Structure formats: C-alpha cells, structure tokens
Amino acid sequence: YINGNYKSLYLSKKYNLPYYKKIDYICEERKKICNVVTLDGYKLYWDSDHYTLDGAKFYGKIIYNMDWLNIN
C-alpha cells in the first residue's frame, strides 16, 4: 500500500515521530534473506497480509531485540 506508506512517512516527518519500515524486521537485506517460517518451522503468515500467532510472536521478538520501541 504505497500511498499509505508515503502518508505515514509524511506524518512522521511533520510531527517528528520515528518511522519504521516493515522490511527492516522481516528481511536481512545485506544477506538477501527474508523469514518465511519460525525457527521451529511454523509459518509466519496466514495470508499475504496477516501474520499467524506464531508469526506475530516471532516478529515481536525481533522488533523488541532491535529496540525500536525503546522498551525496558
């Protein structure tokens, strides 16, 4: 959804908010690798847009470890 992404980027700049790209936690761009299953082999997506419960937990841990939200 390109227009939504541009709108989100515009608003983040306008209000000085952080802007996070989904690709940053889904893929390792330098290695050209994207996750499709958890480490235990469970699928990450229910369909093309929605995570499974295992997928949400998997990506949640990645986001937490990236310290995107600065949660202590």
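Predicted model: local features only at pLDDT ≥ 70, side-chain atom pairs only at ≥ 80, totals over all residues.
**Exercise 1. Find which helices and strands the protein has, and in what order they come.**

Solution. Start by counting the elements: the protein has 3 helices and 2 strands. Next, walk along the sequence, and the pattern reads α-α-β-β-α. Then place the helices: H1 covers 2–14 and H2 covers 23–26, while H3 covers 53–66. For a sense of scale, the C-alpha trace spans about 40 × 30 × 25 Å along its principal axes.

**Exercise 2. Work out which residues make the largest nonpolar core, and which element gives the most to this core.**

Solution. First, list the members. The core has 8 residues: Tyr25, Ile26, Cys27, Leu44, Phe58, Tyr59, Ile63 and Trp68. Second, ask which elements give two or more of them; these are H2 and H3. Third, pick the top contributor: H3 gives the most, with 3 residues. Now look closely at one core member, Tyr59. Leaving aside residues up to four places away in sequence, Tyr59 touches Tyr25, Ile26, Asn35, Leu44, Tyr45 and Tyr51.

**Exercise 3. Locate the disulfide, and decide for Cys27 and Cys34 whether each is buried, partly exposed or exposed.**

Solution. Begin with what to look for: a disulfide is a covalent bond between the sulfur atoms of two cysteines. A search of the whole structure finds 1 disulfide. Its partners are Cys27 and Cys34, with sulfur atoms 1.9 Å apart. Next, check the handedness: the torsion about the S-S bond is about 100°, so the disulfide is right-handed. Last, judge each end. Buried means under 20% relative accessible area, so Cys27, at 11%, counts as buried. Cys34 has a relative accessible area of 45% and is therefore partly exposed.

**Exercise 4. Find which residues make a nonpolar surface patch of about 440 Å², and where Tyr15 lies.**

Solution. The patch is made by Tyr10, Leu11, Tyr15 and Leu17. Then place Tyr15: this residue sits in the loop between H1 and H2. Finally, consider the surface as a whole: the accessible surface of the protein comes to about 6400 Å². Carbon and sulfur atoms account for 55% of that surface.

Definitions and conventions:
Residues numbered from 1 in each chain as written. Heavy atoms only, no water. Patch = residues over 30% accessible without salt bridge, like charges linked within 9 Å, V, L, I, M, F, W, Y side chains within 5 Å. Areas by Shrake-Rupley, 256 points an atom, 1.4 Å probe, with all protein chains shown as cover. Salt bridge = Lys/Arg side-chain N within 4 Å of Asp/Glu carboxyl O. Helix = DSSP H or I, 4+ residues; strand = E, 2+ residues; numbered from the N terminus. Core = buried A, V, L, I, M, F, W, Y, C linked by side-chain atoms within 4.5 Å. Buried < 20%, exposed > 50% of the residue type's maximum accessible area, 1.4 Å probe, protein only. Contact = heavy atoms within 4.5 Å. Disulfide = S-S within 2.5 Å.
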